[in-house]
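Here is a short briefing for a first look. Please keep the sequence and the 3D view open while you read.

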Amino acid sequence: MMLGEVLTAARKSGNGMEDWLAPAEPEIWAALGKAAEAEGMDHAGYARLAVVDFSNRAPEEDWATMMSRIRDAQDPGQACLLSMITWRLANVNKKCDHNH
């Protein structure tokens with residue numbers, strides 16, 4: 001799956017996303033659910049937000065790391081989306097830590 005396809009899938013996602021991501025990374029899926037609930041959205045909405053935030057705010061080093069994961073992954077689309085979700089989860093936590 002190419003990056004454009006990942007972005008399209010994230011936009012259209014719903015139950016299909018759970019079937020695709022939850023078995024691969026149950027811990028990330030659970031963290032995504034908690035973060036989504038805290039922000040008043042569903043899993044798919046949070047994933048879409050992660051894609052947008054990563055696309056707009058991730059530094060070059062994080063893009064390079066993601067591209068390496070994609071290159072080495074069995075499912076590049078899954079690796080891409082999981083990288084973006086993980087990045088957002090980490091960066092939201094950092095923002096919260098700085099606010100306290």
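The protein chain has a mean pLDDT of 82, and 77% of its residues reach 70 or more. The largest nonpolar core has 24 residues.

**Confidence**
- Helix 3 has the highest confidence in the protein chain, at a mean of 94.
- Confidence is lowest in helix 1 (residues 3-12), where the mean is 62.
- Over residues 96-100 the pLDDT is below 50. Beyond near neighbours in sequence, this stretch has zero contacts in the model.
- Where pLDDT is low, the predicted coordinates should not be read in detail.

**The nonpolar core**
- Within the largest nonpolar core, Leu21, Tyr46 and Ile85 have the most contacts.
- Five helices each supply at least two residues of this core: helix 2 (15-21), helix 3 (26-38), helix 4 (43-57), helix 5 (60-72) and helix 6.
- Helix 6 gives the most, with eight residues.
- Ile85 is in contact with Leu21, Ile28, Leu32, Ala47 and Ala50, leaving aside neighbours within four places in sequence.
- In soluble globular proteins, nonpolar side chains tend to be buried together.

**Helix 3**
- Helix 3 has 13 residues. From first C-alpha to last it reaches 18 Å, close to the 18 Å expected at 1.5 Å a residue.
- Its buried residues include Ile28, Trp29 and Leu32, along with Gly33, Ala35 and Ala36.
- Gly40 follows helix 3 and has a positive phi, near 70 degrees.

**Gln78**
- Gln78 is found in helix 6 (residues 76-99).
- Gln78 counts as buried because its relative accessibility is 16%, under the 20% cut-off.
- A polar atom of the Gln78 side chain lies 2.7 Å from the backbone oxygen of Trp20.
- Not counting residues up to four places away in sequence, Gln78 touches Trp20, Leu21 and Ala24.

**Aromatic rings**
- There are two aromatic pairs.
- The ring centres of Phe54 and Trp63 are 4.8 Å apart, and their planes are at 55 degrees, so this pair is tilted.
- Phe54 and Trp87 have ring centres 5.4 Å apart and planes at 85 degrees, so this pair is edge-to-face.
- Phe54, Trp63 and Trp87 form one aromatic cluster.
- Phe54 is buried, at 1% relative accessibility. Trp87 is buried too, at 10%. Trp63 is partly exposed, at 24%.

Technical notes
Residues numbered from 1 in each chain as written. Predicted model: local features only at pLDDT ≥ 70, side-chain atom pairs only at ≥ 80, totals over all residues. Heavy atoms only, no water. Helix = DSSP H or I, 4+ residues; strand = E, 2+ residues; numbered from the N terminus. Buried < 20%, exposed > 50% of the residue type's maximum accessible area, 1.4 Å probe, protein only. Polar contact = N/O pair within 3.5 Å; in protein donor to acceptor, adjacent residues only side chain to side chain. Contact = heavy atoms within 4.5 Å. Core = buried A, V, L, I, M, F, W, Y, C linked by side-chain atoms within 4.5 Å. Expected span 1.5 Å × (residues − 1). pLDDT = per-residue confidence, 0-100. Phe/Tyr/Trp six-rings, centres within 6.5 Å; stacked < 30°, edge-to-face > 60°.
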